[in-house]
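Here is a brief report on one protein chain. Look over the sequence and the model first, then read on for the sheet, the helices and the aromatic residues.

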Amino acid sequence: MAVAVVDSHGELMAFTRHDGVGLPSIHLAQNKTYTAARERQPSGNLGQWARDTGKDMGYWNDARVTGFKGGLPIFVDEQCVGAIGVSGLSEEEDEALASQAIDVQRLQ
C-alpha cells in the first residue's frame with residue numbers, strides 16, 4: 001500500500017509506502033490525491049463522470065488527473081485544505097482507508 005498527502009494545490013506534503021509495493025501504486029496514490037485536491041472531490045467521481053459521458057480522462061488535459069477511487073479531499077470549515085490518496089488494494093478498499101484516515105484525524 002502507498003499513501004500520499006498533498007496541500008490544497010495538489011503538491012506533495014507527505015508520502016509513505018509498504019516495502020515491496022508495486023510502482024503503479026506509488027504513482028497512483030500521488031495522482032489520486034493530486035486529483036482530489038485539484039478538483040475538490042473524490043478522484044473516483046471523475047472516473048464515473050467519464051464513464052457516464054463517454055469521455056476519457058484526457059478531457060482534463062493533465063496527465064496526473066486520474067479517475068481511480070482512493071483520493072479524497074480534506075475539508076476544514078468547508079474549505080479544501082488538502083487531500084489524501086491511497087493505492088495498493090482494490091479501489092473500494094483504497095477509498096475506505098482514505099476516508100478512515102480523514103475520520104481519525106478529525107477525532108484528534
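## The β3-β4 hairpin

Strands β3 and β4 form a hairpin with two residues between them. In its turn, Asp-77 has a positive phi of about 50°. Helices (H or I, at least four residues) and strands (E, at least two) are DSSP runs, numbered from the N terminus. This is a predicted model: local features need pLDDT of at least 70, side-chain atom pairs count only at pLDDT 80 or more, and totals for chains, interfaces and linings use all residues. Residues are numbered from 1 along each chain as its sequence is written, and side-chain values use heavy atoms, with hydrogens and water left out.

β3 and β4 (residues 79-87) pair in the antiparallel sense over six bridges. Two strands pair if DSSP finds at least two bridges between them. Val-76 stands opposite Gln-79 in β4. Ile-74 has Gly-82 of β4 as its bridge partner.

## The sheet

Four strands make an open sheet in the order β2-β1-β4-β3, with antiparallel pairing. β2 (12-17) and β3 stand at the edges. Each has a single partner strand, so one side of each is left without a neighbour in the sheet. From one strand to the next, the twist averages 15°.

Helix α1 (residues 23-39) packs on this sheet and touches β1 (2-7), β2, β3 and β4. Contact here means heavy atoms within 4.5 Å. The direction of α1 makes about 160° with that of β4. Axes are lines fitted to C-alpha atoms, for helices over the stretch in contact, and angles run from 0 to 180 degrees between N-to-C directions.

β1 pairs with β4 in the antiparallel sense over six bridges. Ala-4 has Gly-85 of β4 as its bridge partner. β4 is mostly covered: seven of its nine residues are buried. Buried means under 20% relative accessible area, exposed over 50%, and partly exposed in between (1.4 Å probe, protein chains only).

β1 and β2 also run antiparallel, joined by five bridges. Ala-2 has Arg-17 of β2 as its bridge partner. The hairpin of β1 and β2 has four residues between the strands, and Gly-10 there takes a positive phi near 90°.

Phe-15 is found in β2. Phe-15 is partly exposed, with a relative accessible area of 32%. Leaving out residues up to four places away in sequence, Phe-15 touches Ala-2, Val-3, Ala-4, Ile-26 and Gln-30. Val-5 is 10 residues from Phe-15 along the chain, and their C-alpha atoms are separated by 6.4 Å.

His-18 lies in the loop between β2 and α1. Its relative accessible area is 46%, so His-18 is partly exposed. His-18 and Val-3 are 15 residues apart in sequence and 9.1 Å apart in space, C-alpha to C-alpha.

## Helix α2

Which residues of α2 are buried? They are Ser-43, Gly-44, Leu-46, Gly-47 and Ala-50. These residues cover an arc of only 155° around the axis, which puts them on the same side of α2. The arc is that of the directions from the helix axis to the C-beta atoms. An α-helix has 3.6 residues a turn, so residues three or four places apart point the same way.

What covers the buried residues of α2 includes α1 and β3. Gly-54 follows α2 and has a positive phi, near 80°.

## Aromatic residues

The model has three aromatic pairs. Rings of Phe, Tyr and Trp (its six-membered ring) pair if their centres lie within 6.5 Å; planes under 30 degrees apart count as stacked, over 60 as edge-to-face and the rest as tilted. Trp-49 and Tyr-59 form a tilted pair, 4.9 Å centre to centre with 50° between the planes. This pair links distant parts of the chain: Trp-49 is in α2 (residues 43-53), and Tyr-59 is 10 residues away in the loop between α2 and β3 (71-76). Trp-49 is partly exposed, with a relative accessible area of 28%. The rings of Trp-49 and Trp-60 have their centres 5.1 Å apart and their planes at 70°, so this pair is edge-to-face. Trp-49, Tyr-59 and Trp-60 form one aromatic cluster.

Elsewhere, the charged end of Arg-64 sits over the ring of Tyr-34, 3.9 Å from its centre. A charge counts as over a ring if NZ of Lys or CZ of Arg is within 6 Å of the ring centre and within 35 degrees of the ring normal.
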